[in-house]
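Trainee: Before we discuss this one, could we put the sequence and the model side by side and work through them in turn?

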Amino acid sequence: EISEILAADLFLLGADSSASPSFAELARVFKGVNLAGRKVAFFGSSGAAVAGLRGLCADTEVTVAHSDFIGRPEPAALAAWLKGVLAAS
């Protein structure tokens with residue numbers, strides 16, 4: 001919901017596929033929303049999935065907080081990425 005999105009300072013957006021059904025809902029919710037001053041970090045199983053998420057956020061003015069995490073992570077690598085995201089935000 002828009003109210004929940006506007007209340008957040010940091011978004012972690014991830015997807016398994018660029019054809020994920022959730023993309024349609026995110027596109028609907030993000031359309032016309034200004035997220036200036038908020039940060040986002042993207043993760044996904046492929047570069048295409050992450051590119052799809054980035055495209056959904058293109059007009060929101062959200063700031064990318066950290067480099068993308070692409071692939072199936074080992075727990076230690078994911079933990080390090082999350083720590084980096086939090087440190088950058």
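Trainee: Which residues in helix 3 do Phe23, Leu26, Ala27 and Phe30 in helix 2 meet?

Mentor: Bear in mind that this is a predicted model, and that the contact joins helix 2, residues 22-30, to helix 3, residues 47-57. By class, the residues of this contact are eight nonpolar, one polar and no charged. On the helix 2 side stand Phe23, Leu26, Ala27 and Phe30, and the residues they meet in helix 3 are Ala49, Gly52, Leu53, Leu56 and Cys57.

Trainee: Are helix 2 and helix 3 roughly parallel or roughly antiparallel?

Mentor: Two packed helices are described by the angle between their axes and the distance between the axes. Here the axes of helix 2 and helix 3 come within 9 Å and cross at roughly 20°. Angles under 35 degrees count as roughly parallel, so the answer for helix 2 and helix 3 is roughly parallel.

Trainee: And is the crossing of helix 2 and helix 3 left-handed or right-handed?

Mentor: The handedness is a separate matter from the angle, which for this pair is roughly 20°. As helix 2 passes helix 3, the crossing is right-handed.

Trainee: In what order do the elements of the protein chain run from the N terminus on?

Mentor: The protein chain holds four helices and four strands. Read from the N terminus on, their order is α-β-α-β-α-β-β-α.

Trainee: What radius of gyration does the protein chain have, and why does it agree with a compact globule?

Mentor: Along its principal axes, the C-alpha trace of the protein chain spans about 35 × 30 × 20 Å. A compact globule with 89 residues would have a radius of gyration near 12 Å, and the value for the protein chain agrees with that, being 13 Å.

Trainee: Is Thr60 buried or exposed?

Mentor: Thr60 sits in the loop between helix 3 and strand 3, and the relative accessible area of Thr60 is 1%. Buried means under 20%, so Thr60 is buried.

Trainee: In that loop, is Ala58 buried or exposed?

Mentor: Ala58 also belongs to the loop between helix 3 and strand 3, and its C-alpha lies 9.9 Å from that of Lys31, which is 27 residues away in sequence. The relative accessibility of Ala58 is 56%, and therefore Ala58 counts as exposed.

Trainee: What is the phi of Glu61?

Mentor: Most residues other than glycine have a negative phi. Glu61, in the loop between helix 3 and strand 3, is exposed at a relative accessible area of 52%. Although Glu61 is not a glycine, its phi is positive, at about 70°.

Trainee: Which residues is Asp68 in contact with, leaving aside its neighbours within four places in sequence?

Mentor: Asp68 lies in the loop between strand 3 and strand 4, and at 27% relative accessibility Asp68 counts as partly exposed. With those neighbours set aside, Asp68 is in contact with Phe42, Val50, Arg54 and Trp81.

Note on methods:
Residues numbered from 1 in each chain as written. Predicted model: local features only at pLDDT ≥ 70, side-chain atom pairs only at ≥ 80, totals over all residues. Heavy atoms only, no water. Axes fitted to C-alpha atoms, helices over the stretch in contact; angles between N-to-C directions. Helix = DSSP H or I, 4+ residues; strand = E, 2+ residues; numbered from the N terminus. Parallel < 35°, antiparallel > 145°, perpendicular 65-115°, else oblique. Left-handed = near helix turned anticlockwise from the far one by under 90°. Contact = heavy atoms within 4.5 Å. Nonpolar A, V, L, I, M, F, W, Y, C, P; charged D, E, K, R; others polar. Rg over C-alpha atoms; globule rule 2.2 N^0.38 Å. Buried < 20%, exposed > 50% of the residue type's maximum accessible area, 1.4 Å probe, protein only.
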